[in-house]
Amino acid sequence: MGALGDGEVRRLRARAQGLHGPGGRTVADAVRLAAGLQAQDAKACRLQVRARSRGLTAGDVDAACAARPPAVVRTWLMRGTLHAVAASDVRWLTALLGPRAADMYRGRRARLGLDDDLLARALPALERVLAGRALPRDALVERLAEEGVALDPRGQAPAHLLLYAAARGVVCRGPEAAADAATYVLAEEWLDGVADAGPAGDEALAELAVRHATSYGPVSAADLARWSGLPATAARRAQAAAGDRLARVESPRGPLLAAAGAASRVPPPGAVRMTGHFDPYLLGYRDRDLMLPPAIAPRIATGGGFLMPCVLRDGAVAATWRHERRGAALTLRVEPLTGEPDPALSEAIAAEVGDIGRFLGMPATWEWTTGL
């Protein structure tokens, strides 16, 4: 096929993410479409599933995470960030990315007093206090203190210990407690009954490259490195190891890679999807200028990994939005990035807002606004 235009690349990327087309039929399907969802905020993670599915509800997301065995598991993976992934992918992704994630924060752990001796004592202590149970962080810190592992509950030491333990495959997130409070469980207990047939070594690297290209493609090796947290050399080696499972496509920005066959039919224009906070769509690339022009990027990527909710039209950011909940009703306010309401978007936004309300189980209305 000939070279792709920018609009075609955007539509292919949106389709790869499940943001252009029917999406997934289950929560695990939606998670796989994105190659993992950002999970540091439970409410935001639920909306990420909604944007990549049809007919599911927020309760379905919670049920998929709480089922035994779980369909979806939350743990620290790409870039050392909390992600929701299909349960069958936890072990091999942790083995591949965990060492890198643990090493990323070595200096920070040292400054928090998490030296090698404490870490060596903390991992078996975690295994003892979490055996057969899920605990919220405060209770977990109290139990660890009883085991001789003292942490300041007001600081960042508990969070960094849990990240390290997850990177070592010891813990992961469990079901949500009341008010979306996080709980923690032993990973192997939680994964009991989940088949372990994942790749290893270079095969795992190759599989990661295929997953990234399938969910974000067309992409570059620099995009894979940025998304995964792997060094650039490892990202290039991963794409090379994928062989003919990836196909080269030409674009105005140079040669890119997509899953084999994925670029042979570009989806038609006309797709509008509303994504929430922390949505991973804009996190899969070193350079996201194609979807989010630099002049408006500070309004969406506000720093510290924080991403505002977006209205996407064919994979390009067209507006931002926020919501207010009053009682049992939801009001969304949409601000176009051009500063002027776009009547051509109104019907599609209304449909998306209606679906957000259905997903959350409450009536939802919307209006154009400026100055969010």
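**View 1. Tyr216 and Tyr285, a buried aromatic pair.** Both Tyr216 and Tyr285 are buried, a word that stands for under 20% relative accessible area, with exposed for over 50% and partly exposed for the range in between (1.4 Å probe, protein chains only). This is a predicted model, in which local features need pLDDT of at least 70 and side-chain atom pairs count only at pLDDT 80 or more, while totals for chains, interfaces and linings use all residues. Residues are numbered from 1 along each chain as its sequence is written, and side-chain values use heavy atoms, leaving out hydrogens and water. A pair of aromatic rings is described by the distance of the centres and the angle of the planes. Rings of Phe, Tyr and Trp (its six-membered ring) pair if their centres lie within 6.5 Å; planes under 30 degrees apart are called stacked, over 60 edge-to-face, and the rest tilted. The structure holds five aromatic pairs. Tyr216 belongs to helix α11 (residues 201–216) and Tyr285 to the loop between β9 and α14 (297–300), so the pair ties together parts that are 69 residues apart in sequence. Helices (H or I, at least four residues) and strands (E, at least two) are DSSP runs, numbered from the N terminus.

**View 2. An open sheet of five strands.** The strands follow the order β9-β12-β13-β14-β15, with mixed pairing. β9 (272–275) and β15 (364–368) stand at the edges with a single partner strand each, so one side of each is left without a neighbour in the sheet. From one strand to the next, the twist averages 30 degrees. Strands of a sheet pair through backbone hydrogen bonds, either parallel or antiparallel. Here, two strands pair if DSSP finds at least two bridges between them. Strand β12 (residues 310–313) runs antiparallel to strand β13 (residues 316–326), and four bridges join them; Leu312 stands opposite Val317 in β13. Strand β14 (residues 329–336) pairs with β15 in the parallel sense over five bridges, and there Leu332 stands opposite Trp366 in β15. Together, β14, α15 and β15 make a right-handed β-α-β unit: with the strands pointing away from the viewer, the path from the first strand over the helix to the second runs clockwise. Helix α3 (residues 42–51) lies across β9 and β13, running at about 165 degrees to β9. Such angles run from 0 to 180 degrees between N-to-C directions, with axes fitted to C-alpha atoms, for helices over the stretch in contact.

**View 3. The buried side of helix α4.** Which residues of helix α4 (residues 58–66) are buried? They are Ala58, Val61, Ala64 and Cys65. These residues cover an arc of only 125 degrees around the axis, which puts them on the same side of α4; the arc is that of the directions from the helix axis to the C-beta atoms. An α-helix has 3.6 residues a turn, so residues three or four places apart point the same way. The cover over the buried residues of α4 includes α2 (27–33), α3, β2 (72–76), α10 (187–190) and α15 (343–360). Val72 is found in strand β2 and is buried, with a relative accessible area of 2%. Among the residues that Val72 touches, not counting those up to four places away in sequence, are Ala64, Cys65, Val31 and Ala84; contact means heavy atoms within 4.5 Å.

View 4. Most residues other than glycine have a negative phi, and most peptide bonds are trans. The bond from Arg68 to Pro69 is cis, with omega near -5 degrees, and Pro69 sits in the loop between α4 and β2. Gly217 and Pro218 are also joined by a cis peptide bond, with omega about 5 degrees; Pro218 has its place in the loop between α11 and α12 (221–228). Asp180 is not a glycine, yet its phi is positive, about 60 degrees. Asp180 lies in the loop between β5 (171–173) and β6 (183–186) and is partly exposed, at 23% relative accessible area. Asp314, in the loop between β12 and β13, has a positive phi near 50 degrees and counts as buried at 14% relative accessibility.
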